[in-house]
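Colleague: I am new to this structure. Please show me how to read it, feature by feature.

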Number of protein chains: 2
Amino acid sequence: MRNIKVAAAQLGPIQRADTRQAAVARMLDLMRQAEGCDLIVYPELALTTFFPRWYWEDRTEADIWFESEMPSAATRPLFEEAKRAAIAMSFGYAERTPDGRHFNTSILVDKEGVIVGKYRKVHLPGHDQFDPKRSHQHLEKRYFEPGDLGFPAWPLLGGVFGMCICNDRRWPETFRVLGLQGVEMVVLGFNTPSVNAQNSGEGPAKRMFHHKLSLQAGAYQNSTWVVAVAKCGVEDGHHCMAGSVIINPDGEVVAETTTENDELLVHDCDLDATRFGKETVFDFARHRRIEHYGLIAMQTGVVLPKA
Amino acid sequence: MRNIKVAAAQLGPIQRADTRQAAVARMLDLMRQAEGCDLIVYPELALTTFFPRWYWEDRTEADIWFESEMPSAATRPLFEEAKRAAIAMSFGYAERTPDGRHFNTSILVDKEGVIVGKYRKVHLPGHDQFDPKRSHQHLEKRYFEPGDLGFPAWPLLGGVFGMCICNDRRWPETFRVLGLQGVEMVVLGFNTPSVNAQNSGEGPAKRMFHHKLSLQAGAYQNSTWVVAVAKCGVEDGHHCMAGSVIINPDGEVVAETTTENDELLVHDCDLDATRFGKETVFDFARHRRIEHYGLIAMQTGVVLPKA
């Protein structure tokens, strides 16, 4: 048994008018509720509203949503409280680098309050120009560039941890690259509109189904725990779904939030529960046949077979 | 609309004492029930019992379960009836090549009765030596070599078709390589023991969950139809699960068998239903980032991150 006690710290909506300080105060409140846990996981873009729903013709106007240092003055209390409580943490934020690049980023912080891992979202959904045909904008491709750090895994809390962010979860490549590093727990945050902007017939039930399906398959097929945390509820008039979940290495949902507000979900996760799958049906060394996987890493889009 | 009418032709058990002719007679009966369909899909190893559950020290003794030609005398009536009924078909069998190689194979046959595609199972589960610790043997790695044809896709019936076999469905690489060829329908057969041979606590409910989870994720994440067909029931004292299903490109089960016997499942599948997913969330050309997928095709087993 290598039990770690994990807290999934779901956030309700953060309005456009809300300050970083207000968001951090809510995160601190959840951290205090998580006293005694080993790890607390917050959502994607945890410090602000989901700003990619807004269009600015001059994209530098969006820079106000980005952090140019981490910790910053506003987020330092989180690091200090995490260190005091000896709890590791992960949260997402918009990152602006010193040389002016923009990423949708998450970090992994150890129990000493030290950043030990950084991930930059690889699979940016949406579009980069204003699209009048959509029911709402989703301009991640406008405000971020795709992550340049790959999908690293890190030793932490006696286990192997990986991160991804939101739309990354729909891509089996995400989980497989982590799985090939022996990942035992994948943590991620998400902001997922409850209606498909390009198909109003795809509502909350189907969106929730796709969300869980992707996470559960990623967990099962790599025999890893998955902790997925929502920012949800009605943000600036736009509804995002909840569905924060903790999933075991068998792909089963073992805990799920019940509200669309700030809510803490706590579960004891035995990292040794990942072993059976990794040693049997998903013993990659024995079963994978990389000689037939070449297209996956060589070819980006579809090439139809010859008639 | 590009509707094709598909029949999933589940087979109940085939006992060790049963002849090829008896199996083919049952397959012909199902084909007659499928009159008017465009395609009929039979299970893996449709002509015989699931012989890899038996151990022969001299592996050539297993050669009696293999076909050295296709069509053979025993299977020719299937091809003739398919041509008469103008129905395409797919079924699995154990293949012995003229140079003595052994594969777990399936074929795709057009409405003229011509073999237009062949697939050889890539992901062989189980083991190659007798294992006294298991509740039952699963010696696919003893009697077959891994497929050498990759995961091809073929134009057929106005769409793009792919095949895989049983355990292949648990590997997202299978569906992704097909997805990168624009696959619109993946057909497969399976023989899945309803208890895990290495963990008696993993019974039918969890096995069925993993089965559907893998298929549904493969369908959704590649926006393709999936037709999965069981050989099931109690075969030579060993129980295999049913759960033949047809899954739409949204990952939803739209049809499922209700027995563990010979049973035909018919569904009208609109291949154009694959388009929305392929053009939006799973528009690979726009969203995939192959620069971060290298490990998938370069590294077979797990390499842990450095501490």
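Modeller: We will go through confidence, symmetry, the interface, salt bridges and backbone geometry.

Colleague: What are the ground rules?

Modeller: This is a predicted model, where local features need pLDDT of at least 70, side-chain atom pairs count only at pLDDT 80 or more, and totals for chains, interfaces and linings use all residues. Residues are numbered from 1 along each chain as its sequence is written, chains are lettered from A and ligands numbered from 1 in the order in which they are written, and side-chain values use heavy atoms, with hydrogens and water left out.

Colleague: What is the mean pLDDT of chain A?

Modeller: pLDDT is the predictor's confidence in each residue, from 0 to 100. For chain A the mean is 97, and 100% of its residues reach 70 or more. For the complex, the predictor gives an ipTM of 0.98 and a pTM of 0.98.

Colleague: Which rotation superposes chain B on chain A?

Modeller: Copies are superposed by least squares on the C-alpha atoms of residues with pLDDT of at least 70 in both. Here a rotation of 180° with 0.0 Å of shift along its axis does it, at an RMSD of 0.0 Å. That is the relation of a two-fold axis. The same surface serves both copies, as 100% of the contact residues of chain B recur in chain A.

Colleague: How many residues does each chain bring to the contact?

Modeller: Contact means heavy atoms within 4.5 Å. Chain A gives 70 residues and chain B gives 70 residues.

Colleague: How much area do the two chains bury?

Modeller: The size of an interface is often given as the accessible area lost when the parts come together. Buried area uses a 1.4 Å probe and is summed over both parts. Chains A and B bury about 6200 Å² between them, with 64% of it on carbon and sulfur atoms.

Colleague: How many salt bridges lie between chain B and chain A?

Modeller: Side chains of opposite charge can pair when their charged atoms come close. A salt bridge is a side-chain nitrogen of Lys or Arg within 4 Å of a carboxyl oxygen of Asp or Glu. The count between chain B and chain A is eight. In one of them, E173(A) meets R288(B) at 2.9 Å, N to O.

Colleague: Which element of chain B gives the most to the side that touches chain A?

Modeller: Helices (H or I, at least four residues) and strands (E, at least two) are DSSP runs, numbered from the N terminus. α5(B) gives the most, with nine residues.

Colleague: How many salt bridges are there over all chains?

Modeller: The whole structure holds 58. One example is R84(A) with E35(A), whose closest N and O atoms are 3.2 Å apart. The pair links distant parts of the chain, 49 residues apart: R84(A) is in helix α2, and E35(A) is in the loop between α1 and β2.

Colleague: Which peptide bond of chain A is cis?

Modeller: Most residues other than glycine have a negative phi, and most peptide bonds are trans. The bond from M70(A) to P71(A) is cis, with omega near 0°. P71(A) sits in the loop between β2 and α2 of chain A. In chain B, the bond from M70(B) to P71(B) is cis too.

Colleague: What is the phi of L157(B)?

Modeller: Near 55°, a positive value in a residue other than glycine. L157(B) is in the loop between β6 and β7 of chain B.
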